[in-house]
Amino acid sequence: MATHRLTVRQARRIALRAQLLDARRSVDLVNLVEDLTFLPVDPTSALAPAADLISWSRLGSAYWQGAVDDAIADRMLFQLRGTVRPMSDLPLYLEQMGRWPQNETLRQWLADNAGFEREVLELIEAEGPVLAKDVPDTARVPYTWGAEGWSSRRSVAELLEALNMQGRLAIVGRKGRQRLWDLAERAYPQAEAVPLEQALRERVERRLAAEGIARKRVQGRSGDGAWWVDLPGEAVEVEGVDGEWRVDPELLERADDEFEPRTALLSPFDAIAADRPRLLDLFDYEYLLEMYKPKGKRRWGYFALPILHGERFVGKLDAKADRKAGVLNVFGVHEDLPFDGATMDAVHDEVERLASWLGLGRIDYARDA
């Protein structure tokens, strides 16, 4: 296989174009998720849940908060553990669901709690969608985790997650921040499973198309298990960057196409920001989510958003929504690259759009978090 050579600029454009971070806007939410292949689920609400913030960064004001949950309720998207995926991809996961779990310890725990499982399924069949808090914990063998074996309500949560991964229960919406669970046969359309080998091949091909460019060997996504896969695509070398990469063939053909840039504020859980080594290799941009660090050890803030301007990541926005006061508190705009006037104006415009989308009437550029 011939190895293509790309400049760093070409590689960046491929990555940004694949992640829909040029000036284009997706048509709608379902098309967006089909293009990205998944949205990560994280309820951290310093600004908005990850799936909402990522969708807004691509769809703009056309996206309303909670639309992902609405699409799940309308059976256009489905949630598999930590990811939301297009319902059209369900056949690519059905055979894997039927084989889950492969972990022997979890398999044994489920076998020990067959009666608990039967009672939960009977309850949901009779009652319809339920919240986890409404499911009695009748586990014969409690699910324990952590050094001290803490298990408070963990058995219910783990069983619901396991039945979701097996394709027997589906998340069908939310009540507040709590998930609603129903029988998968009532939530998922009838679909024929794609054979596992073919399904895995299609999934990694779609993943490469969504990332544009990636290292040859990558780790599986949440919901897929912690396996490692070799990506298909065209072999490339990137000028000034060590190692071999893979690029989606269609995007490689467009490497020299005109790129229409824009400015974007991105979720810390955004796919393009989540791969920290790639971000450093291709964009010379260092990023770390610091919400779990003590305040005094943070460099950029509790929930700093990567700032994209054109083809470069230029800084971080440290901000938090105060919904009661109707204020977007901006504690800092950290400049990795010095902002000229045009960059500063573009970033401030995007902050204003963020505040408007969040329904906050005022922006407070505070000095201290």
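Predicted model: local features only at pLDDT ≥ 70, side-chain atom pairs only at ≥ 80, totals over all residues.
Strands of a sheet pair through backbone hydrogen bonds, and the pairing is either parallel or antiparallel.

Which sense does each pairing take? S14 and S15 run antiparallel and are joined by 5 bridges. His309 faces Arg312 of S15 here, the two standing opposite each other. Strand S15 (residues 312-322) and strand S16 (residues 327-335) also run antiparallel, with 8 bridges joining them. In this pairing Gly315 stands opposite Glu335 in S16. S15 and S16 form a hairpin with 4 residues between the strands, and Gly326 in this hairpin takes a positive phi near 70°. S16 pairs in the parallel sense with strand S17 (residues 362-365), over 4 bridges. One of the residues involved is Val330, whose bridge partner in S17 is Tyr365.

Another open sheet consists of 3 strands in the order S2-S4-S3, with antiparallel pairing. Strand S2 (39-40) and strand S3 (77-80) are at the edges and have a single partner strand each, so one side of each has no neighbour in the sheet. Helix H2 (residues 29-36) packs on this sheet and touches S2, S3 and S4. The direction of H2 makes about 105° with that of S4.

S3 and strand S4 (residues 83-86) run antiparallel and are joined by 4 bridges. Which residue of S4 is the bridge partner of Phe78? The partner is Arg85.

Strand S6 (residues 169-175) has 7 residues, of which 5 are buried, so the strand is largely enclosed by the rest of the structure. S6 runs antiparallel to strand S7 (residues 178-183), and 6 bridges join the two. Leu169 has Leu183 as its bridge partner in S7.

Together S6 and S7 form a hairpin with 2 residues between them. Gly176 lies in the turn and has a positive phi of about 70°.

## Aromatic rings

The whole structure contains 10 aromatic pairs. In one of them, the ring centres of Phe269 and Phe303 are 6.3 Å apart and the ring planes are at 45°, so the pair is tilted. Phe269 belongs to the loop between strand S13 (263-265) and helix H12 (271-274), and Phe303 to the loop between helix H13 (276-283) and strand S14 (305-309), so the pair ties together parts that are 34 residues apart in sequence. Phe303 has a relative accessible area of 1% and is buried.

How are the rings of Tyr285 and Tyr287 arranged? Their centres are 6.4 Å apart and their planes are at 5°; an angle under 30 degrees counts as stacked, so this pair is stacked. Tyr285 is buried, at a relative accessible area of 1%, and Tyr287 is buried as well, at 6%. Both tyrosines belong to a cluster of Phe283, Tyr285, Tyr287, Trp300 and Phe313, linked by ring pairs. Trp300 also has a charge over its ring: the charged end of Lys316 sits there, 3.9 Å from the ring centre.

## Ser57 in a helix

Ser57 is part of helix H3 (residues 50-59). Is Ser57 buried or exposed? Its relative accessible area is 2%, which is under the 20% limit, so Ser57 is buried.

The side chains of Ser57 and Arg58 are joined by a polar contact of 3.0 Å. Leaving out residues up to four places away in sequence, Ser57 touches Arg25, Arg262, Leu265, Leu266 and Asp270.

## Gly243 in a loop

Gly243 lies in the loop between strand S11 (234-238) and strand S12 (245-247). Its relative accessibility is 45%, so Gly243 counts as partly exposed.

What does Gly243 touch, apart from residues up to four places away in sequence? The contacts are Arg215 and Val236. Gly243 and Lys216 are 27 residues apart in sequence, and their C-alpha atoms are 8.9 Å apart in space.

Definitions and conventions
Residues numbered from 1 in each chain as written. Heavy atoms only, no water. Pairing = 2+ DSSP bridges. Contact = heavy atoms within 4.5 Å. Axes fitted to C-alpha atoms, helices over the stretch in contact; angles between N-to-C directions. Buried < 20%, exposed > 50% of the residue type's maximum accessible area, 1.4 Å probe, protein only. Phe/Tyr/Trp six-rings, centres within 6.5 Å; stacked < 30°, edge-to-face > 60°. Lys NZ or Arg CZ within 6 Å of the ring centre and 35° of its normal. Polar contact = N/O pair within 3.5 Å; in protein donor to acceptor, adjacent residues only side chain to side chain.
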